[in-house]
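Here are a few friendly notes to read alongside the structure. Take them one point at a time, and find each residue in the viewer as you go.

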Amino acid sequence: MNDVPNLGPDLEQTDAPFTAEQLEHARKLFAGHVGFLKSAPTLEFLPDATVPEVAFAGRSNVGKSSLLNALTGRNSMARTSNTPGRTQELNFFDVGAPLAFRLVDMPGYGFAKAPKDVVKKWRFLINDFLRGRDVLKRALVLIDSRHGIKDVDREILEMLDKAAVSYRMVLTKADKIKASELVEVIERTALEARKRPAAHPDILVTSSEYGMGIPELRAAVVEAVS
């Protein structure tokens, strides 16, 4: 394993200009109540749309569950698995007491061995959710730093663009590659973001294992629902 990369003063989270006050406010929110609410295999099981929501999307094995656990400071809030495509429902988590907003863990995509009917079901569920959820304020699309944006990632980006859902790309597993390679991935990802109508121009860089970028990610979530 590589050491946590030092991006240098020009790139190390300077693309996420959050103040110390914003970072601390977000830290306190996530240090409070965070709990699993329910799973929704179909739209009729969605919770009432009463508070803002931020959804997390990502390719299977991108590290989404680990990132959600790091974000909330809970080791087992989101289930991790070595089996790609394990999560095939929309999972909702309440944040804050009183309730401030919800996190939505979307089913992982791009698992090659999944039956065609499972892939079709996923596509319909996600597409209908994105188009019909008025309280969805932003989606965070997780991209594996080791691979960058793949065609299967572009499919979800297209869905978000067409649904006019604001989204932000988050690089995961930044500790797994060399710093020079990471800089290149950040630049390529930012270039792609600038080409897309619903994409936030700034990229977040994270490592669940080392906590890299987690304070900024928390602040980005709170900013989206404020």
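Predicted model: local features only at pLDDT ≥ 70, side-chain atom pairs only at ≥ 80, totals over all residues.

**Notes on strands, helices and ring pairs**

1. Let's start with a pair of strands: β3 and strand β4 (residues 101-105) run antiparallel and are joined by 5 bridges.

2. On to another neighbour of β3. Strand β1 (residues 34-40) is joined to β3 by 6 bridges, and the two run antiparallel. To find this pairing on screen, pick Ala 40, whose bridge partner in β3 is Leu 90.

3. How many residues of strand β3 (residues 90-95) are buried? The count is 6 of its 6 residues, so the strand is described as mostly covered. Both faces are covered: one side carries Leu 90, Phe 92 and Asp 94, while the other carries Asn 91, Phe 93 and Val 95, and all of these are buried.

4. Next come the aromatic rings, where the count comes to 4 pairs. In one of them, the ring centres of Phe 30 and Phe 101 are 5.9 Å apart and the planes are at 65°, so this pair is edge-to-face; the cut-off for that label is over 60 degrees. The pair links distant parts of the chain, with Phe 30 in helix α1 (residues 20-31) and Phe 101 in strand β4, 71 residues apart. Phe 30 counts as buried at 2% relative accessibility, and Phe 101 counts as buried at 2% too.

5. Are the rings of Tyr 109 and Trp 122 stacked, edge-to-face or tilted? Their centres are 5.8 Å apart and their planes are at 50°, so the pair is tilted. This pair also links distant parts of the chain: Tyr 109 is in the loop between β4 and α3 (116-132), and Trp 122 is in helix α3, 13 residues apart. Tyr 109 and Trp 122 are both buried.

6. Asp 161 is in helix α4 (residues 151-163), and its relative accessible area of 15% makes it buried, because the cut-off is under 20%. Which residues does Asp 161 contact, leaving aside its neighbours within four places in sequence? They are Tyr 167, Arg 196, Pro 197, Ala 198 and Ala 199. Ala 199 is 38 residues from Asp 161 along the chain, yet their C-alpha atoms are separated by 7.7 Å.

7. You will find Glu 192 in helix α5 (residues 179-194), where it counts as buried at 14% relative accessibility. Leaving aside neighbours within four places in sequence, Glu 192 is in contact with Ile 149, Arg 154 and Met 169.

8. Last, helix α6 (residues 214-225). This helix has 12 residues and reaches 17 Å from its first C-alpha to its last, close to the 16 Å expected at 1.5 Å a residue. Helix α6 is largely enclosed by the rest of the structure, because 10 of its 12 residues are buried. Among the buried residues are Ile 214, Leu 217, Val 221 and Val 225, and also Glu 216 and Arg 218.

Definitions and conventions
Residues numbered from 1 in each chain as written. Heavy atoms only, no water. Helix = DSSP H or I, 4+ residues; strand = E, 2+ residues; numbered from the N terminus. Expected span 1.5 Å × (residues − 1). Buried < 20%, exposed > 50% of the residue type's maximum accessible area, 1.4 Å probe, protein only. Contact = heavy atoms within 4.5 Å. Pairing = 2+ DSSP bridges. Phe/Tyr/Trp six-rings, centres within 6.5 Å; stacked < 30°, edge-to-face > 60°.
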